[in-house]
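Please read these numbered points with the sequence and the structure open beside you.

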Amino acid sequence: MTDPSLNTHEREIDMNVRKTAALFAALALSITGLAGCNRDGGSGGDGDQTVHLLLSTLSNPFFVQLRDGAQAEADELGVTLEILDAQDDPVTQTNQLNDALSTGADAVIVNPVDSDAAVTGVTGLIDADVPVVAVDRGVTGVDVTSFVSSDNVQGGQLAAEALAEAMGESGGAIVLQGIPGSSASRERGEGFSEGISQFPDINVAGMQTANFDRAEGLNVATNLLQANPNLTGIFAENDEMALGAVEALGSRAGEDVFVVGFDGTEDGLAAVSDGTMVATIAQQPEELGRLAVQQANTALEGGETEAEVPVEVVAVTHENVADFQ
């Protein structure tokens with residue numbers, strides 16, 4: 001009620017203030033209602049849905065290709081894709097997962113830096129009924145909406161077979177491991193160990209992490225080569241580390257020491273073509289990204305998602321590399 005002690009001009013100002021306040025209150029209620037409808041019953045593909053794509057890093061060409069595949073599919077479906085780079089920092093990625101929840105992302109696609117460290121953030125999203133799709137790397141012990149990945153165990157086995165053949169099934173080898181805690185590193189290592197155990201005359205002389213990084217691959221390979229001067233094989237759990245090893249070997253690469261990588265990146269395929277790498281296990285990063293967005297959109301539309309979506313891998317050698325370039 002307007003204070004009767006106010007003069008006419010003051011009463012008009014008071015009434016205008018009250019009307020403005022009422023208008024803002026009504027607007028706030030309207031926005032809140034719309035947000036609730038969007039989270040609970042919105043349909044994907046209408047341009048109003050926002051999916052956050054949280055990548056471990058964009059300094060690795062593999063994840064650039066994955067991003068491009070995801071963006072192409074999002075454009076096709078009319079989904080807004082917010083892309084964030086964790087720069088291989090699990091703390092940064094945890095903050096990004098928490099931000100996705102607080103800012104109202106409709107769905108999240110996560111490529112974990114660390115499969116263990118991502119658990120808390122992903123669990124918070126799932127508890128809030130936000131669909132979460134894991135891509136390339138899983139989230140330890142969490143049943144996400146969908147997990148889109150290559151068969152890394154099979155890929156590790158294929159890498160072991162290719163390396164053993166190049167080494168004549170005997171000699172010493174080393175392994176350059178990826179980021180500790182990542183499912184990709186763990187599974188590729190598991191597959192390689194299983195595969196190489198079938199060749200009793202090959203001795204794995206050392207394993208050391210190089211964090212999926214080319215510069216670290218160079219440094220770690222240099223140190224392991226100095227400690228094991230007679231080895232003839234190197235398996236790197238991604239192409240970036242493999243290329244670092246090739247650099248460390250110099251003219252010995254492909255002649256005295258044989259290197260096998262993993263991912264099938266453009267640089268990795270070029271190294272196979274010129275003979276400095278004997279093989280790479282080719283994934284399909286664009287397909288991984290495309291299928292991840294597809295699964296997220298299916299969840300937003302209320303459709304039935306697939307718990308696991310496998311993407312084929314293949315050993316690429318000098319004989320078939322032209323098919324992949």
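1. Just after helix H3 (residues 90-102), Gly-104 has a positive phi of about 85°. Helices here are DSSP runs of H or I with at least four residues, strands are runs of E with at least two, and both are numbered from the N terminus. This is a predicted model, in which local features need pLDDT of at least 70 and side-chain atom pairs count only at pLDDT 80 or more, while totals for chains, interfaces and linings use all residues. Residues are numbered from 1 along each chain as its sequence is written, and side-chain values use heavy atoms, with hydrogens and water left out.

2. The 13 residues of H3 should span 18 Å at 1.5 Å a residue, and the end C-alpha atoms are 18 Å apart, which agrees. The expected span is 1.5 Å times one less than the number of residues.

3. Which residues of H3 are buried? They are Gln-93, Gln-96, Leu-97 and Ala-100. Buried means under 20% relative accessible area, exposed over 50%, and partly exposed in between (1.4 Å probe, protein chains only). The buried residues of H3 fall within an arc of 100° seen down the axis, so they line one face of the helix; the arc is that of the directions from the helix axis to the C-beta atoms. An α-helix has 3.6 residues a turn, so residues three or four places apart point the same way. On the other side of H3, Val-91 and Ser-102 are exposed. The cover over the buried residues includes strands S1 (50-55), S2 (80-85) and S3 (107-110) and helix H4 (119-127), where contact means heavy atoms within 4.5 Å.

4. Strand S5 (residues 146-150) is largely enclosed by the rest of the structure, because five of its five residues are buried. Ser-146, Val-148 and Ser-150 point one way, and Phe-147 and Ser-149 the other. S5 pairs in the parallel sense with strand S4 (residues 132-135) over three bridges; two strands pair if DSSP finds at least two bridges between them. Val-133 has Ser-146 of S5 as its bridge partner. S5 also runs parallel to strand S11 (residues 308-311), joined by four bridges, with Val-148 opposite Val-309.

5. An open sheet of six strands has the order S7-S6-S8-S9-S10-S12, with mixed pairing. Strands S7 (202-209) and S12 (314-316) are at the edges with a single partner strand each, so one side of each has no neighbour in the sheet. Neighbouring strands are turned by 20° against each other on average, direction ignored. Within this sheet, S6 (residues 171-177) and S8 (residues 233-236) pair in the parallel sense over four bridges, and Ile-174 stands opposite Ile-234.

6. Helix H6 (residues 183-196) has 14 residues and reaches 20 Å from first C-alpha to last, close to the 20 Å expected. Its buried residues include Arg-188, Phe-192 and Ile-196. Among the elements covering them are H5, S6 and S7.

7. The chain holds 10 helices and 12 strands. Of its 325 residues, 46% count as buried.

Definitions and conventions: Axes are lines fitted to C-alpha atoms, for helices over the stretch in contact, and angles run from 0 to 180 degrees between N-to-C directions.
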